[in-house]
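This briefing covers selected local features of the structure shown below. The points are grouped by topic.

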Amino acid sequence: ASLFAAVEMAPRDPILGLTESFNADTRSTKVNLGVGVYFDDNGKIPLLAAVKAAEKTRLEAMPPRGYQPIDGLAAYNQIVQKLLFGADSALLEAGQVATIEALGGTGALKVGADYLRRLLPTAKVFISDPSWENHRAIFEYAGFEVDSYPYYDAVSRGVDFAAMKSGLNALPAGSIVVLHACCHNPTGADLSHAQWREVIETIAARGLVAFIDMAYQGFADGIREDAQALQMFAASGLQFLVASSFSKSFSLYGERVGALSVVTASRDETARVLSQIKRVVRANYSNPPTHGGAIVAAVLASAELRQMWKVELAEMRQRILAMRVSLVEKLQGRGVSTDFSFVTRQRGMFSYTGLEVAQVDRMRDEFGIYAVSTGRICLAALNTRNIDYVADAIAAVL
Ligand code: PLP
């Protein structure tokens, strides 16, 4: 028999599977609210002008294509650290952060997970309930047992903070806690600054290890504002990890640009930790690709391109917020009695709408509108042309 004769078909990725069904749908009015990608008002993935300018310069320079260092481009890593922790960060000044260029946020989580598995072989990992589906898979594949802590409250459509806090308080010391820095995926429900303070106090008191995932910096309230939780962790004196990504904020999805940063207690620890993380990288993929990181580094190093990027990122953020406001108004205008005002309080690309499986199915079957079966929709897939149609469909299925 073939070596693979008994191999079972793995289940389809729920969200990428949705896109396959969407692509096969022949209705011209179809809308894909399933994916986690920002589309502009024309329904296109933007190529940012700042990126285009940096790419043009790079193309003209025609640099040779040698290997990068194991930890990636040094200029990129330094500039990422400043974006995360602030240009005047005391931690950076003291050499307490090890940063490597990673293959997107996913790659950063994977390298961090593999490293933590060696550092803390008996620890358990806790993710929010619910969380980005891949969190569980990444940590399980690294060998961890993964469980969840309470997070979302279906009644308020916000965070059940009392439950979250008591959940964290009950975790064994040394547990790894995965936290979303902003724009929680899939719910859109974020913690307030006061709640972050309490979470940090709990993590310190319980001896937990925070692994912060920041995939959407700049999509909630602003570049600096969205890094507030990181600043608060930085001020706490704790050691923690951060997986960050430029997939969304630079619209560079396929270039796989992200970073893993580890905050240590001293410059000397940083050097030792970095040496171990480089071993993980070396044994996985040796070193990261060049293009995406070089583009991000070039944009952030140029005052002019950086300003351009900030404006473009603000436009993306404001367009999503405008779609949130507009969707709520349009549902009200259609006489929907459910209060959807929570959509304007949620942040980032997503909303947990509260639509039930049967309603999501009807939206797909009758209208060709694709949402995740959990009721998650991507606000960044709405635009001035399809929002009325989507509002009609939601009003019809409620
Ligand atoms: N973390 C969260 C919460 C995400 O939503 C995503 C992307 O959807 C990622 C990480 C990974 O992003 P990347 O495409 O950079 O790997």
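Leaving aside neighbours within four places in sequence, Leu 179 is in contact with Ala 210, Ile 212 and Asp 213, where contact means that the C-beta atoms, placed from the backbone, lie within 7 Å. The model is predicted: local features need pLDDT of at least 70, side-chain atom pairs count only at pLDDT 80 or more, and totals for chains, interfaces and linings use all residues. Residues are numbered from 1 along each chain as its sequence is written.

- Leu 179 lies in strand E7; helices (H or I, at least four residues) and strands (E, at least two) are DSSP runs numbered from the N terminus.
- Leu 179 is buried, with 26 other C-beta atoms within 10 Å. A residue is buried if 20 or more other C-beta atoms lie within 10 Å of its own, exposed if 12 or fewer, and partly exposed in between, with C-beta atoms placed from the backbone.
- The C-alpha atoms of Leu 179 and Phe 126 are separated by 9.0 Å, and the two residues are 53 residues apart along the chain.
- The largest nonpolar core has 119 residues. Such a core is a set of buried Ala, Val, Leu, Ile, Met, Phe, Trp, Tyr and Cys residues joined through C-beta atoms within 7 Å.
- Those with the most contacts inside this core are Val 177, Ala 210, Ile 212, Leu 230, Leu 260, Val 299 and Met 349, and H13 gives the most to the core, with 8 residues.
- Not counting residues up to four places away in sequence, Val 177 touches Phe 126, Tyr 149, Leu 168, Ile 203, Leu 208, Val 209, Ala 210 and Phe 211.

**Ligand shell**

- The residues around the ligand are Gly 36, Gly 104, Gly 105, Thr 106, Trp 132, His 180, Asn 185, Asp 213, Ala 215, Ser 245, Ser 247 and Gly 258. A residue is near a molecule if its C-beta atom, placed from the backbone, lies within 6 Å of it.
- By class, this shell has 2 nonpolar, 9 polar and 1 charged residues. Ala, Val, Leu, Ile, Met, Phe, Trp, Tyr, Cys and Pro count as nonpolar, Asp, Glu, Lys and Arg as charged, and the others, Gly among them, as polar.
- Helix H5 (residues 104-119) gives the most to the shell, with 3 residues.

**Helix H8**

- H8 has 14 residues, which should span 20 Å at 1.5 Å a residue, and its end C-alpha atoms are 20 Å apart, in agreement. The expected span is 1.5 Å times one less than the number of residues.
- Val 199, Ile 200 and Ile 203 are the buried residues of H8. Seen down the axis of H8, they fall within an arc of 100 degrees, so they line one face of the helix; the arc is that of the directions from the helix axis to the C-beta atoms.
- These buried residues pack against helix H7 (161-169), E7, strand E8 (209-214) and helix H10 (228-236).
- On the other side of H8, Ala 194, Glu 201 and Ala 205 are exposed.
- Just after H8, Gly 207 takes a positive phi of about 65 degrees.

**Helix H2**

- Helix H2 (residues 49-61) has 13 residues and reaches 19 Å from its first C-alpha to its last, close to the expected 18 Å.
- Ala 50, Val 51 and Ala 54 are the buried residues of H2. They cover an arc of only 95 degrees around the axis, which puts them on the same side of H2.
- The cover over these buried residues includes helix H12 (291-301) and helix H13 (303-333).
- Lys 56, Leu 59 and Glu 60 are exposed residues on the face of H2 turned away from its buried side.

**Backbone exceptions**

- Most residues other than glycine have a negative phi, and most peptide bonds are trans.
- Met 62, which is not a glycine, has a positive phi of about 45 degrees. Met 62 lies in the loop between H2 and helix H3 (74-85) and counts as exposed, with 7 C-beta neighbours inside 10 Å.
- Ser 251 has a positive phi near 50 degrees. Ser 251 is in the loop between strand E9 (240-245) and strand E10 (257-263) and counts as buried, with 21 C-beta neighbours inside 10 Å.
- The peptide bond from Asp 129 to Pro 130 is cis, with omega near 0 degrees, and Pro 130 is in the loop between strand E3 (125-129) and helix H6 (133-141).
- Asn 185 and Pro 186 are joined by a cis peptide bond with omega about 20 degrees; Pro 186 lies in the loop between strand E7 (176-180) and helix H8 (193-206).

Note on methods: Two residues are in contact if their C-beta atoms, placed from the backbone, lie within 7 Å.
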